[in-house]
Amino acid sequence: MDVSDVARSRAGDMSAFADLVRRHQARVFRFIMRMLDAHDEAMELTQDVFVKAWQALPGWRPDARFSTWLLQIARNAALDHLRRRQRVRFAPLEDGLDVADASPGPEARYASHQQQIQLDRALRRIAPEHREVLLLREVEGLAYAELADVLGVAEGTVKSRLARARTALLEHFDPHGGARK
């Protein structure tokens, strides 16, 4: 589906490109929002990503997945934006998210909610390159090969970055007890 829409878009068909935007905008926005922790900035940057994608369509290779290529543009835009802001923040994965718990009582839900808050805080404390690889793998569900494409590195490098990112996260978060100093 994407390949034919991309081919039509490359030929100047704005309707086909609009279909691509509709199909991918939520995922791109979600990723950027989590990287920037600023709704309005994420909305604006998401639009910029699609403008950049439109302009870069002639360079898209049909052997690359469009969604991976688009996430790479989004990643670069988010990192550029973070560099311009010169500060790093992270948005909670979902406000008020109750992590699945075997005991559905209010105390258990409260404890789960507190643990989610602690996880969000720990994610804010790690470097953007660690946060991005964790988000792309664990939240967006990208495979190692897709991560390698998005990040522009070898698959082995992706695995080592993920290991370092998980280690960095665990320095600030104990999955059994919450925050660490």
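I take partly exposed to mean a relative accessible area between the buried limit, under 20%, and the exposed limit, over 50%. The model I examined is predicted.

**Entry 1: Salt bridges, overall**

I looked up the salt bridges and found that the structure holds 12. I then inspected individual pairs and one network.

**Entry 2: Arg30 and Glu140**

I began with Arg30, which has a relative accessibility of 35% and therefore counts as partly exposed. Its salt-bridge partner is Glu140, and the closest N and O atoms of the pair are 3.5 Å apart. I placed Arg30 in helix α2 (residues 14-36) and Glu140 in the loop between α6 (128-139) and α7 (144-151), so the bridge ties together parts that are 110 residues apart in sequence. I also checked the accessibility of Glu140: at a relative accessible area of 10%, Glu140 is buried.

**Entry 3: Arg65 and Glu146**

Which residue does Glu146 pair with in a salt bridge? I found Arg65 as the partner, with the closest N and O atoms 2.0 Å apart. Glu146 belongs to helix α7, whereas Arg65 lies in the loop between α3 (39-56) and α4 (66-85), so this pair ties together parts that are 81 residues apart in sequence. I noted a relative accessibility of 14% for Glu146, which therefore counts as buried.

**Entry 4: Arg61 and Asp63**

I next looked up Arg61, which forms a salt bridge with Asp63; their closest N and O atoms are 3.3 Å apart. Arg61 has a relative accessible area of 49% and is partly exposed. Asp63, with a relative accessible area of 64%, is exposed.

**Entry 5: A network**

I also recorded a network of salt bridges that links Asp5, Arg8, Asp13 and Arg23.

**Entry 6: Helices α4 and α6**

I turned to helix packing. Two packed helices are described by the angle between their axes and by the distance between the axes. For α4 and α6, I found that the axes come within 12 Å and cross at roughly 150°. An angle over 145 degrees counts as roughly antiparallel, so α4 is roughly antiparallel to α6. What is the handedness of the crossing of α4 and α6? I noted that α4 passes α6 in a right-handed crossing.

I then listed the residues that make the contact. From α4 they are Leu71, Arg75, Leu79 and Leu82, and from α6 they are Pro128, Arg131, Glu132 and Leu136.

Conventions
Residues numbered from 1 in each chain as written. Predicted model: local features only at pLDDT ≥ 70, side-chain atom pairs only at ≥ 80, totals over all residues. Heavy atoms only, no water. Salt bridge = Lys/Arg side-chain N within 4 Å of Asp/Glu carboxyl O. Helix = DSSP H or I, 4+ residues; strand = E, 2+ residues; numbered from the N terminus. Buried < 20%, exposed > 50% of the residue type's maximum accessible area, 1.4 Å probe, protein only. Axes fitted to C-alpha atoms, helices over the stretch in contact; angles between N-to-C directions. Parallel < 35°, antiparallel > 145°, perpendicular 65-115°, else oblique. Left-handed = near helix turned anticlockwise from the far one by under 90°. Contact = heavy atoms within 4.5 Å.
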